[in-house]
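Welcome! Please take a moment to look over the sequence and turn the model around before reading on. The report below then walks through it step by step.

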Amino acid sequence: MAWPENARTTEWYGCVESNPYQQGWFVPHDIEGMVELMGGREVVLADLDELFDKTPEDFLWNDYYNYANEPVHFVPFLFNKLEEPWNTQKWSRHICKNAYRNEVEGIVGNEDVGQMSAWYVLTASGIHPSCPGDTRFEITSPLFDRIEFRLDPEYASAENLR
């Protein structure tokens, strides 16, 4: 069976609610391996630039950076891993500005059990989890001058955070 000419951006081609281009970035547990398989840092950076350049300004459902679907939420933070933190800052701020509005339907897509709001709160605060099960957080430029998190001491005591 031959691959379709546009297999990489064909929705539902081996994926659910997305395409291989979007799903292919979701390797948070092995960024180095992903970069190696894709041809190296420069190739990946060029591909990321193209991904974002072809994304609609309003971030509505699309074949590129489809922000309405969670598998791509870590993608802007890949620039940190590729030693271009200024692009993480550029794109995370751009997404905060253009994918959210103070309206009844103010998020792109649906809430998906709080994921869309959690992404905004964390990213606007200047942090984003790196990989499920990993305590590392990626950083970006926060939208606020001051941020304070108050944690429930029953679950987040200094003893539990070690």
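## The core

How many residues does the largest nonpolar core have, and which of them have the most contacts inside it? The largest nonpolar core has 31 residues, and those with the most contacts inside it are Trp25, Leu48, Tyr65, Tyr67 and Val75. Helix 2 (31-38), helix 3 (41-53), helix 4 (78-81), helix 5 (85-98) and helix 6 (115-124) are the elements that give two or more residues to this core. Helix 3 gives the most, with five residues. A nonpolar core here is a set of buried Ala, Val, Leu, Ile, Met, Phe, Trp, Tyr and Cys residues joined through side-chain atoms within 4.5 Å. In soluble globular proteins, nonpolar side chains tend to be buried together.

A word on what you are looking at: this is a predicted model, in which local features need pLDDT of at least 70 and side-chain atom pairs count only at pLDDT 80 or more, while totals for chains, interfaces and linings use all residues. Residues are numbered from 1 along each chain as its sequence is written, and side-chain values use heavy atoms, with hydrogens and water left out.

## The chain as a whole

The protein chain has six helices and two strands, which run α-α-α-α-α-α-β-β from the N terminus on. Helices (H or I, at least four residues) and strands (E, at least two) are DSSP runs, numbered from the N terminus. The C-alpha atoms fill a box of roughly 55 × 40 × 30 Å, taken along the principal axes.

Of the 162 residues, 41% count as buried; buried means under 20% relative accessible area, exposed over 50%, and partly exposed in between (1.4 Å probe, protein chains only). The protein chain exposes about 10,100 Å², and carbon and sulfur atoms supply 54% of it; such areas come from the Shrake-Rupley method with a 1.4 Å probe, and for residues only the protein chains shown count as cover. Among contacts (heavy atoms within 4.5 Å) between residues at least 6 apart in sequence, 50% join residues at least 24 apart.

## Tryptophan 25 and arginine 8

Now find tryptophan 25 in the loop between helix 1 (20-23) and helix 2. Tryptophan 25 is buried, with a relative accessible area of 2%. Leaving aside neighbours within four places in sequence, tryptophan 25 is in contact with Arg8, Met34, Met38, Val44, Asp47, Leu48, Leu51, Val75 and Leu78. For a sense of scale, the C-alpha atoms of tryptophan 25 and leucine 143, 118 residues apart along the chain, are separated by 26 Å.

Arginine 8 sits in the segment before helix 1. Arginine 8 is partly exposed, with a relative accessible area of 37%. Beyond four places in sequence, the contacts of arginine 8 are Asn19, Pro20, Tyr21, Trp25, Met38 and Asp47.

## Two positive phi angles

Most residues other than glycine have a negative phi. Phenylalanine 59 has a positive phi, near 65°, and lies in the loop between helix 3 and helix 4. Is phenylalanine 59 buried or exposed? Phenylalanine 59 is buried, with a relative accessible area of 1%.

Glutamate 17 also has a positive phi, near 55°. Glutamate 17 belongs to the segment before helix 1 and is partly exposed, at 40% relative accessible area.

Glutamine 23 is in helix 1 and is partly exposed, with a relative accessible area of 26%. Not counting residues up to four places away in sequence, glutamine 23 touches Cys15, Val16, Ser18 and Pro71.

Leucine 122 lies in helix 6 and is partly exposed, with a relative accessible area of 23%. Leaving aside neighbours within four places in sequence, leucine 122 is in contact with Ile127 and Pro129. Leucine 122 and lysine 97 are 25 residues apart in sequence and 14 Å apart in space, C-alpha to C-alpha.
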